Amino acid sequence: MVLLALVMSVAATPALACPEDTDGDGVCDALDNCPAIANADQADLDGDAIGNVCDDDDAELNPTKLELKLDSSANNDSSLYRGKGDFITSPPVDQLTAVDGFSVNLKDALGTNAAFTWPPAQCLTASSGKITCISPDKNAKLQVKPIKATPQVFKFVFKVRRVGLLGPFDGPVDVTLANGAIDRFATISDCRVSNRGLICREF
């Protein structure tokens, strides 16, 4: 009888393990801020209860100029997209590094989606902290560098050529600059359509 009572007591004790852990990161789905993608550290830079690896908008980006140019050449792809601006980091949680690579993504109001990724092997960091990423064919370049007086503030500039953009384009344009799990996002809305493409500026 004593043995039976002991067995029944153990069976009645609730399990301590997660009932569900879809991504297998050791955090129960009910508590996981990104249950579909493993993120044991549960990092959440902007504190919106969505983990960095799931969040498309972790931090602010300040694009000051953006251009989408359509292909107008019969023999050679003359299309490109490029942009520049700045952003603020929040060390030590938000630490810019070439180890994670970079990617840029543009989405305009008419559905154009232009994106490029530089893996870590294509990025180099100088002693000044400037990071330069160049694709093997040199058609895609990105430079991110800290402002000397305020090293937490970075300027960025990118240019991606020969990407088959045919247009038409229209603003506003969503811009994402990603480094590892951190996505910096902004919408640039002061845009002008021309016969060559689209130019946007923010002042």
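Trainee: Is Cys191 buried, exposed or partly exposed in this model?

Mentor: This is a predicted model, and burial is read from the relative accessible area, where under 20% counts as buried and over 50% as exposed. Cys191 has a relative accessible area of 23%, so the residue is partly exposed.

Trainee: What is the handedness of the disulfide of Cys191 and Cys200?

Mentor: Handedness is read from the torsion about the S-S bond, and for Cys191 and Cys200 that torsion is about 105°, so the disulfide is right-handed.

Trainee: How many disulfides does the structure hold, and where do the cysteines of the other pair lie?

Mentor: The structure holds two disulfides, and besides the link of Cys191 and Cys200 there is one that joins Cys123 to Cys133, with an S to S distance of 2.1 Å. Cys123 lies in strand β6 (residues 123–125) and Cys133 in strand β7 (residues 131–134), so that the pair links distant parts of the chain, ten residues apart. The link of Cys123 and Cys133 is right-handed, with 110° about the S-S bond, and both of these cysteines are buried.

Trainee: How many salt bridges are there, and which residues form them?

Mentor: A salt bridge is read by looking for a side-chain nitrogen of Lys or Arg within 4 Å of a carboxyl oxygen of Asp or Glu. The structure holds two of them. In one, the side chains of Arg82 and Glu67 meet at 2.8 Å, N to O. Arg82 lies in strand β3 (residues 80–88) and Glu67 in strand β2 (residues 62–69), so this pair ties together parts that are 15 residues apart in sequence. In the other, Arg184 pairs with Asp94, and the closest N and O atoms are 2.7 Å apart. Here Arg184 is in strand β11 (residues 182–188) and Asp94 in the loop between β3 and β4 (102–108), and the pair links distant parts of the chain, 90 residues apart.

Trainee: Where are the cis peptide bonds?

Mentor: The angle to look at is omega, and it is about 0° for the cis peptide bond that joins Pro91 and Pro92. Pro92 lies in the loop between β3 and β4, the loop that also holds Asp94. A cis peptide bond also joins Gly167 and Pro168, again with omega of about 0°, and Pro168 is placed in the loop between β9 (150–161) and β10 (173–179).

Trainee: Which residues other than glycine have a positive phi, and where do they lie?

Mentor: Lys138 has a phi near 65° although the residue is not a glycine, and it is found in the loop between β7 and β8 (140–147), where Lys138 is exposed with a relative accessible area of 52%. Arg162, also not a glycine, has a positive phi of about 55°. Arg162 lies in the loop between β9 and β10, and at 44% relative accessibility this residue counts as partly exposed.

Trainee: Which residues form the positive surface patch?

Mentor: A patch is read by joining like charges within 9 Å, using residues with over 30% relative accessible area and no salt bridge. The positive patch is formed by Lys84, Lys145, Lys155, Arg192 and Arg201. Among them, Lys84 lies in strand β3 and is partly exposed, with a relative accessible area of 43%.

How values were computed:
Residues numbered from 1 in each chain as written. Predicted model: local features only at pLDDT ≥ 70, side-chain atom pairs only at ≥ 80, totals over all residues. Heavy atoms only, no water. Helix = DSSP H or I, 4+ residues; strand = E, 2+ residues; numbered from the N terminus. Disulfide = S-S within 2.5 Å. Buried < 20%, exposed > 50% of the residue type's maximum accessible area, 1.4 Å probe, protein only. Patch = residues over 30% accessible without salt bridge, like charges linked within 9 Å, V, L, I, M, F, W, Y side chains within 5 Å. Areas by Shrake-Rupley, 256 points an atom, 1.4 Å probe, with all protein chains shown as cover. Lys, Arg positive; Asp, Glu negative; His and termini not counted. Charge placed at Lys NZ, Arg CZ, Asp CG, Glu CD.
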